[in-house]
Amino acid sequence: LAEIGSKAIDGYRRDDASREDWKKLNEQGMKLATLVSEQKDTPFVGAANVKAPLITTAALQFNSRAYPALVKGDRVTKCKVNGKDPTGDKAKRAERVSEHSSWQMLSQMPEWEPDTDRLTLIVAISGVVFRKRYFDPTLNRQCSRLVLADRFVYNYKARSIEDCPRISEELYLYPYEIQERIRDGRFI
């Protein structure tokens, strides 16, 4: 376990180091979008530091248009039939899968809809955001969680995520959450 852990940490550090330039740019963009006030000392100490909310306004306008385009009524997933379907069985199955998946996201996962709203705002600012779906044994259900790009670590020089030998997610957990995961077998 120590050898595996050591390799994982070394790989994570290499991947994280490959993103240094991107992390700085992303942080600057977030500061602009969230209108963070900073002390200005040029051309003189205490000079005015006014920031126009252009990025913020554009992101909010994108959010107000994108969210309703993604979430239309009670059907948020649609399945497509591939190949021939002379009897219509594939179409019926696609309809059932679509209905169940939509029910899961809108009813069983209370976090999905507010996360989707946040996703459309954040993607307009940073350009990328990830969504993670997984089974949570403590809740005994499927969960959906937004993963911000600064916490989703992979080698920045990779051609695509599929080509990455390793993808890491930075988790911030309370000690009781770590103990809970050890007890239920998710952590060793």
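Tutor: Let's begin with naming: helices (H or I, at least four residues) and strands (E, at least two) are DSSP runs, numbered from the N terminus. This is a predicted model, in which local features need pLDDT of at least 70, side-chain atom pairs count only at pLDDT 80 or more, and totals for chains, interfaces and linings use all residues. Residues are numbered from 1 along each chain as its sequence is written, and side-chain values use heavy atoms, with hydrogens and water left out.

Student: Where is Met109 found?

Tutor: Met109 belongs to the loop between α4 (89-108) and α5 (112-126).

Student: Why is Met109 called buried?

Tutor: Buried means under 20% relative accessible area, exposed over 50%, and partly exposed in between (1.4 Å probe, protein chains only). Met109 has 0% relative accessibility, so it counts as buried.

Student: Which residues is Met109 in contact with, leaving aside its neighbours within four places in sequence?

Tutor: Contact means heavy atoms within 4.5 Å. With those neighbours set aside, Met109 is in contact with Gln104, Arg133, Arg141, Gln142, Cys143 and Ser144.

Student: What makes the link between Gln104 and Arg133 a polar contact?

Tutor: A polar contact is a pair of N or O atoms within 3.5 Å; within protein, one must be able to donate a hydrogen and the other to accept it, and residues adjacent in sequence count only if both atoms are side-chain atoms. The side chains of Gln104 and Arg133 are joined at 3.3 Å, so the distance meets that limit. Gln104 itself lies in helix α4, and its 13% relative accessibility makes it buried.

Student: What about Asp16: which side chain does it join in a polar contact?

Tutor: Its partner is Arg19, at 3.0 Å. Asp16 lies in helix α1 (residues 2-18) and is buried, because its relative accessible area is 14%.

Student: Turning to the rings, how many aromatic pairs does the structure hold?

Tutor: There are 3 aromatic pairs. One of them is Phe130 with Phe152, at 3.8 Å centre to centre and 20° between the planes.

Student: What makes the pair of Phe130 and Phe152 stacked?

Tutor: Rings of Phe, Tyr and Trp (its six-membered ring) pair if their centres lie within 6.5 Å; planes under 30 degrees apart count as stacked, over 60 as edge-to-face and the rest as tilted. The 3.8 Å of Phe130 and Phe152 makes them a pair, and their 20° makes it stacked. This pair links distant parts of the chain, with Phe130 in strand β1 (residues 129-136) and Phe152 in strand β3 (residues 152-153), 22 residues apart. Both Phe130 and Phe152 are buried.

Student: How do you know that Tyr174 and Tyr176 are stacked?

Tutor: Their values are 5.9 Å centre to centre and 10° between the planes, so they pass both tests. Tyr174 is exposed, because its relative accessible area is 56%. Tyr176 counts as exposed too, because its relative accessibility is 54%.

Student: Which residues do ring pairs link into a cluster?

Tutor: Phe130, Phe152 and Tyr154. Tyr154 lies in the loop between β3 and β4 (168-169).

Student: Why is Tyr154 called buried?

Tutor: Its relative accessible area is 19%, so Tyr154 falls in the buried class.

Student: Which residues make up the largest nonpolar core?

Tutor: A nonpolar core is a set of buried Ala, Val, Leu, Ile, Met, Phe, Trp, Tyr and Cys residues joined through side-chain atoms within 4.5 Å. The largest has 7 residues: Trp22, Phe130, Val147, Ala149, Phe152, Tyr154 and Cys164. Another core lies apart from it, with 6 residues, among them Tyr67, Val76, Met105 and Trp112.

Student: How do you know that Cys164 is buried?

Tutor: Cys164 has 12% relative accessibility, and therefore counts as buried. Cys79 is partly exposed, because its value is 37%. As for disulfides, each being a pair of cysteine sulfur atoms within 2.5 Å, the count comes to 0.

Student: What makes the charged end of Lys132 sit over the ring of Tyr134?

Tutor: A charge sits over a ring if NZ of Lys or CZ of Arg is within 6 Å of the ring centre and within 35 degrees of the ring normal. The charged end of Lys132 is 5.6 Å from the centre of the Tyr134 ring, so the distance meets the rule.
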